[in-house]
Amino acid sequence: QVQFVESGGGLVQPGGSLRLSCVVSGSIFSIYAMGWYRQAPGKQRELVAGISLGGSTKYVDSVKGRLTISRDNAKNTVYLQMNSLKSEGTAVYYCNAQRSLASLNNPLDSWGQGTQVTVSS
């Protein structure tokens with residue numbers, strides 16, 4: 001069974017940076033696309049960035065130019081570099097997977113504990 005373990009969150013001032021990591025256990029990492037999702041208080045969880053096995057990426061419009069997703073297939077790890085953070089970036093961030101970049105809007109049923117990102121002065 002696949003497991004996701006997210007880390008790297010914290011409290012950061014507006015304009016600051018954070019780098020999130022997600023280690024994936026199980027055999028799917030080498031064949032699945034990966035995504036980062038976030039859930040802000042009172043809102044539904046949304047996909048913010050995705051990366052295919054081959055390295056193609058996609059982002060929600062609100063984070064383009066500020067967030068960068070990457071993956072290290074040798075380490076079964078996906079990263080999210082977050083720059084120029086805004087207060088609306090405050091949320092719990094999760095990673096998940098699906099068979100293709102296009103299908104990441106319907107990720108697997110298994111979720112990790114997430115990592116809290118708080119953007120505040």
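The predicted model contains an open sheet of six strands in the order S2-S10-S9-S4-S5-S6, with mixed pairing (strands are DSSP runs of E of at least two residues, numbered from the N terminus; two strands pair if DSSP finds at least two bridges between them). Strand S2 (10–12) and strand S6 (57–59) stand at the edges, each with a single partner strand, so one side of each lacks a neighbour in the sheet. On average, neighbouring strands of this sheet are turned by 25° against each other, direction ignored (axes are lines fitted to C-alpha atoms). Within the sheet, S4 (residues 33–39) and S9 (residues 91–98) pair in the antiparallel sense over seven bridges; Ala 33 has Gln 98 in S9 as its bridge partner. Residues are numbered from 1 along each chain as its sequence is written.

An open sheet of four strands has the order S1-S3-S8-S7, with antiparallel pairing. Its edge strands, S1 (3–7) and S7 (67–72), each pair on one side only. Neighbouring strands here are turned by 15° against each other on average, direction ignored. S7 and S8 (residues 77–82) are joined in the antiparallel sense over six bridges, and the bridge partner of Asp 72 in S8 is Thr 77.

As the model is predicted, local features need pLDDT of at least 70 and side-chain atom pairs count only at pLDDT 80 or more, whereas totals for chains, interfaces and linings use all residues; side-chain values use heavy atoms, with hydrogens and water left out.

Technical notes. Axes are lines fitted to C-alpha atoms, for helices over the stretch in contact, and angles run from 0 to 180 degrees between N-to-C directions.
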